[in-house]
Amino acid sequence: MELREIDPKTLRANPDNPRRAAPPVEEDRRLALNIRAVGLIHPPLVREGGDGVLTIIAGHRRARCSIMAKLKTIPVFVTGADEELDGLVAASENMIRLGMSEPDQWRAVSRMRSEQKMKETAICKALMVTPAYLRRLDLLAHLHPPILDAIELGIGPDDDARKAIAKASPDEQARVWAEIWAESAEEGQDPADYRMTVEDGQHMDWDDLARAFSIAAFYARDARFDDATARRHGIVWEEDLFGEGGQDNRYTSDARAYAAAQREAMEAGLPANGHITPTDDYGYPVLPENAYPVQAWHEAGEDDQIAVFLHPVTLRVGEKGFRIRLNVSATSRASESPGPVVEKPRERPDISGTGLKMIGEIRTLALHRALDGAADAVDPWDLVGALLLALGCGNVTVKNDTSHIAYHQPTARDNALAALFPEGHLVRDPALMRHHAMTVVRSIANCDVSPYDGSGPQALLLGILFGADSHMPNMAVEDFLKTYSKAGITRAVQAEGLPEQATGKLMRAALINHVGPGGHWVPDVAGFAGAPVAWKEKLDRQRGAAARMVALDAELEADETHEDAGGAADAVAGAMQVDEGEADMTALPNAATPEPEMALAA
């Protein structure tokens with residue numbers, strides 16, 4: 001093989017080049033600028049023909065971009081190997097090569113900074129990347145080494161998860177990593193150093209890991225208070241080095257001080273018609289019982305009130321307009337005048353949010369076992385009902401279900417349709433249809449307590465339909481019972497006929513001993529039997545909402561009738577004033593009597 005310096009314009013393109021699709025012009029421009037900055041690193045491979053012209057075997061894009069970079073000569077390797085292998089070489093060069101992983105890119109950039117003393121602008125120009133891309137690579141310096149290994153394997157976290165993880169200290173990252181992989185590490189190996197495999201990546205939820213690492217950051221850009229108020233509450237701002245440009249990236253992790261400053265600003269800036277209101281568990285303002293929110297399509301009214309509230313998680317101040325429903329009598333109107341909404345202290349629930357989440361996970365496992373057990377002999381009508389319930393679940397979307405592990409992989413519904421309609425016609429195999437129908441139901445239904453991901457009471461009805469209670473495990477175990485408050489565990493032991501003890505720990509031990517190693521205890525709140533009550537409540541809420549909408553439509557219609565009637569009366573009066581002698585009274589519109597204001601159902 002011979003190395004020569006030649007004019008890139010004299011090279012002849014290979015008619016058998018495996019790359020036929022033209023790359024994006026911007027990508028060619030980037031490579032040309034890179035070649036101009038650092039030179040051509042990898043010479044193209046060429047073959048000399050009988051006419052003396054050099055034909056490119058591998059490196060068409062490098063040659064083209066060298067011309068764009070206005071290089072007069074470039075180095076090329078002239079090969080004398082068997083010509084029959086040219087096609088294999090060209091295809092291999094394009095198909096087998098791999099781009100640098102992000103950790104390798106970060107290490108290279110770090111060497112440029114430390115060894116070559118290159119500035120950010122010079123690095124960006126040489127590599128044809130933006131400063132934002134360099135900041136993204138800098139995140140890797142703050143990640144636990146096994147996470148870098150996962151990124152190199154292509155199974156690592158996305159940008160958002162990386163930002164959350166990078167804010168945690170190295171010790172905290174190592175501690176959480178060790179907890180996750182404690183059972184996967186080999187004997188004698190520190191689980192904090194466990195390296196993931198590609199198979200591990202199929203089951204790894206990086207969002208959950210990011211939440212475990214997340215440090216709550218409350219930004220100055222979301223604050224209602226000024227810097228003087230921040231100083232008065234002892235807030236010290238830090239700069240988010242990985243925040244987006246063009247905005248205030250100062251933040252604090254002191255939730256208590258930030259919330260106190262927000263409340264002070266809320267009270268100081270409260271409008272005349274504003275009321276500081278509490279929020280529900282999801283951050284929505286709790287309006288007075290006889291109030292309804294002002295929607296975007298409503299016209300502004302003089303009696304509109306404003307609920308000013310503090311979101312319990314983000315600590316952002318929000319505002320929501322509302323109105324008080326009026327009755328016909330003036331006395332009832334007076335009694336419904338809005339006043340300050342007093343936030344009452346909340347009682348601690350019997351079971352914590354962690355306990356409810358555990359219940360949801362245990363229910364889901366039991367439900368899936370019940371569905372699996374019924375899949376081979378499910379009654380057709382039960383199956384129809386199950387499918388209807390599943391398709392009505394609160395977590396059903398067009399593009400997502402629990403069988404959708406990766407973007408490019410088919411879902412349970414895709415697999416079912418492929419098996420049942422292989423040639424476009426239904427395969428009438430009852431066993432095959434039953435199997436895939438139950439698989440689809442299983443992929444949709446779950447008992448997660450999240451209002452965004454859970455199936456709602458429909459999944460609990462499925463549990464009753466297929467006997468999921470019989471698959472519930474014994475829940476008289478320490479991990480679950482310790483999620484109870486003292487009042488909750490007291491009621492639990494009393495329900496079993498056991499006396500109250502001095503501490504929750506003693507009562508948990510008493511309940512565990514009472515049930516025994518081979519016993520089976522499931523609290524009523526965790527089972528499926530209460531599902532019909534929740535379902536009826538859901539239906540009642542739907543009917544109530546529909547009734548309120550009907551009443552609201554009636555009230556709006558009455559208002560419009562009132563306005564139309566007033567306009568007609570004005571028309572009559574105007575016509576009579578113009579020419580009373582010539583007015584044809586029989587042709588005048590009838591003035592409708594205004595209807596009294598209708599009361600909305602609460």
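1. Lys70 sits in the loop that runs between helix 2 (60-68) and strand 4 (74-78). The model is a predicted one, and in it the phi of Lys70 is near 65°, a positive value in a residue other than glycine. Lys70 has a relative accessible area of 68%; it counts as exposed because that value is over 50%.

2. A second residue to check is Leu315, which is not a glycine but has a positive phi of about 60°. Leu315 belongs to the loop between strand 10 (305-310) and strand 11 (317-324). Is Leu315 buried or exposed? Its relative accessibility is 8%, so Leu315 counts as buried, the limit for that label being under 20%.

3. The largest nonpolar core has 45 residues, and Phe466 and Trp521 have the most contacts inside it. Several helices supply at least two residues each to this core, among them helix 16 (380-391), helix 18 (430-444) and helix 22 (504-515). Which helix gives the most? That is helix 15, with seven residues. As background, nonpolar side chains in soluble globular proteins tend to be buried together.

4. The count of salt bridges comes to 24. In general, side chains of opposite charge can pair when their charged atoms come close. One of these bridges joins Glu48 and Arg4, with the closest N and O atoms 2.9 Å apart. Glu48 is in strand 2 (residues 45-48) and Arg4 is in strand 1 (residues 2-6), so this pair ties together parts that are 44 residues apart in sequence. Both are partly exposed: Glu48 has a relative accessible area of 38%, and Arg4 has one of 24%.

5. Two further bridges deserve a line each. Arg113 and Glu120 meet through their side chains at 2.8 Å, N to O; Arg113 is partly exposed at 25% relative accessibility, and Glu120 is partly exposed at 37%. Asp248 pairs with Arg250, the closest N and O atoms being 2.9 Å apart. Here Asp248 is partly exposed at 28%, and Arg250 is partly exposed at 25%. Elsewhere, salt bridges that share partners join Glu2, Arg4 and Glu48 into one network.

6. Which residues form the negative surface patch? They are Asp158, Asp160, Asp205 and Asp207. Of these, Asp205 lies in the loop between helix 10 (198-201) and helix 11 (206-213). Asp205 counts as partly exposed because its relative accessibility is 37%, and that label covers values between 20% and 50%.

Conventions. Residues are numbered from 1 along each chain as its sequence is written. This is a predicted model: local features need pLDDT of at least 70, side-chain atom pairs count only at pLDDT 80 or more; totals for chains, interfaces and linings use all residues. Side-chain values use heavy atoms; hydrogens and water are left out. Patches are made of residues with over 30% relative accessible area and no salt bridge: like charges are joined within 9 Å, nonpolar side chains (Val, Leu, Ile, Met, Phe, Trp, Tyr) within 5 Å. Accessible areas come from the Shrake-Rupley method with a 1.4 Å probe; for residues, only the protein chains shown count as cover. A salt bridge is a side-chain nitrogen of Lys or Arg within 4 Å of a carboxyl oxygen of Asp or Glu. Lys and Arg count as positive and Asp and Glu as negative; His and the chain ends are not counted. The place of a charge is taken as NZ of Lys, CZ of Arg, CG of Asp or CD of Glu. Helices (H or I, at least four residues) and strands (E, at least two) are DSSP runs, numbered from the N terminus. Buried means under 20% relative accessible area, exposed over 50%, partly exposed in between (1.4 Å probe, protein chains only). A nonpolar core is a set of buried Ala, Val, Leu, Ile, Met, Phe, Trp, Tyr and Cys residues joined through side-chain atoms within 4.5 Å.
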